[in-house]
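Let's take a walk through this one, looking at its aromatic rings and then at one of its helices. Have the model open as you read.

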Amino acid sequence: MEKGLVIKNTGSWYVVKTDAGREVECKIKGNFRLKGIRSTNPIAVGDRVSIIPNAEGTAFIADIADRKNYIVRKASNLSKQSHILAANLDRCFLIVTINYPETSTTFIDRFLASAEAYNVPVSIIFNKTDLYTEEERHYLHGLITLYEHIGYPCHTVSAMQGEGIENIRSSLRGNITLFAGHSGVGKSTLIKAILPDRDIRTAAISDVHNKGMHTTTFSEMYELSDGGYLIDTPGVKGFGTFDMKDEEVGHYFKDIFAISADCRFNNCTHRHEPGCAVLQAVEEHRIAHSRYTSYLNILEDKEDGKYRAAY
């Protein structure tokens, strides 16, 4: 049995880079799916696994090591299953755009809450800065001020113009970093700028809807020449949150959680309870209204049954 790292998922096959440096195409051993992992992909890019090679030069994945963390999204709107984007991450870069297409603060906040729930540190990269009007730049600076104040580092780049790329490249060294974002935010273009020698596909924005078109179908890990890995993921349309009780959702909003200690009730949901410090902070603009709206949005989704718990 050999040990290795899952560096690519093609749906039916996984590519594992063994500790000896070989890349082996692997399938999951039949009984592996019975271990109670209720996701569309019980194994993810970034997982450490044990494999059993066979005579054909391929192998079976027989065991998976404990994960230090992972990040998931909903498999589909009414699915009871999650989809694991990647595992064992040092950090995630969330790529967003103010326009062309617009990334909503609701999407950003959902992603951040999910990352908090699974212990994945996030930095936010604002791309396409070369395209923005003065009004859009003003909004950009407002968002950077908001998220940096909460504790999320922010970067501005223009992947097309090559601005800010070196700063991102240097911060990747020695780390396993996931790149995520909506389709169309320029994620593949950014990765191509960081790794110019790799064959990474990019696609144009659809002019009709100002939306992106998917260029990545499955997650893939790229080894960096000066240490570490970059993980490219499919464009994420929506971001459901799993396994959160109502009173826990606020735990994953760092700004809300910090103030909730002053609420009168320790199981306060910050909607209507008397003595709620969070509601008072929203009224006094100490918590951004957009963040509070995102928080309520997750609670409403759960009540609608739109995002069912994953196992």
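Y70 is partly exposed, with a relative accessible area of 27%. Keep in mind that we're looking at a predicted model. Y118, on the other hand, is buried, at a relative accessible area of 13%. So how do the rings of Y70 and Y118 sit against each other? They make a tilted aromatic pair, 4.9 Å centre to centre with 35 degrees between the planes. Y70 belongs to strand β6 and Y118 to the loop between α1 and β9, so the pair links parts of the chain that are 48 residues apart.

The model holds four aromatic pairs in total. Another of them is F253 with Y295, this time edge-to-face, with centres 5.8 Å apart and planes at 85 degrees. Here the loop between α5 and α6 supplies F253, while helix α8 supplies Y295, 42 residues away. Both F253 and Y295 are buried, and ring pairs tie them together with Y292 into a cluster. For one more charge over a ring, look at K254: its charged end sits over Y152, 4.3 Å from the ring centre.

Which of its residues are buried? They are K187, S188, L190, I191 and I194. These residues span an arc of only 160 degrees around the axis, which places them on the same side of α4. An α-helix has 3.6 residues a turn, so residues three or four places apart point the same way. As for what covers the buried residues of α4, the list includes strands β8, β9, β11 and β13, along with helix α3.

Methods: Residues are numbered from 1 along each chain as its sequence is written. This is a predicted model: local features need pLDDT of at least 70, side-chain atom pairs count only at pLDDT 80 or more; totals for chains, interfaces and linings use all residues. Side-chain values use heavy atoms; hydrogens and water are left out. Buried means under 20% relative accessible area, exposed over 50%, partly exposed in between (1.4 Å probe, protein chains only). Helices (H or I, at least four residues) and strands (E, at least two) are DSSP runs, numbered from the N terminus. The arc is that of the directions from the helix axis to the C-beta atoms. Contact means heavy atoms within 4.5 Å. Rings of Phe, Tyr and Trp (its six-membered ring) pair if their centres lie within 6.5 Å; planes under 30 degrees apart count as stacked, over 60 as edge-to-face and the rest as tilted. A charge sits over a ring if NZ of Lys or CZ of Arg is within 6 Å of the ring centre and within 35 degrees of the ring normal.
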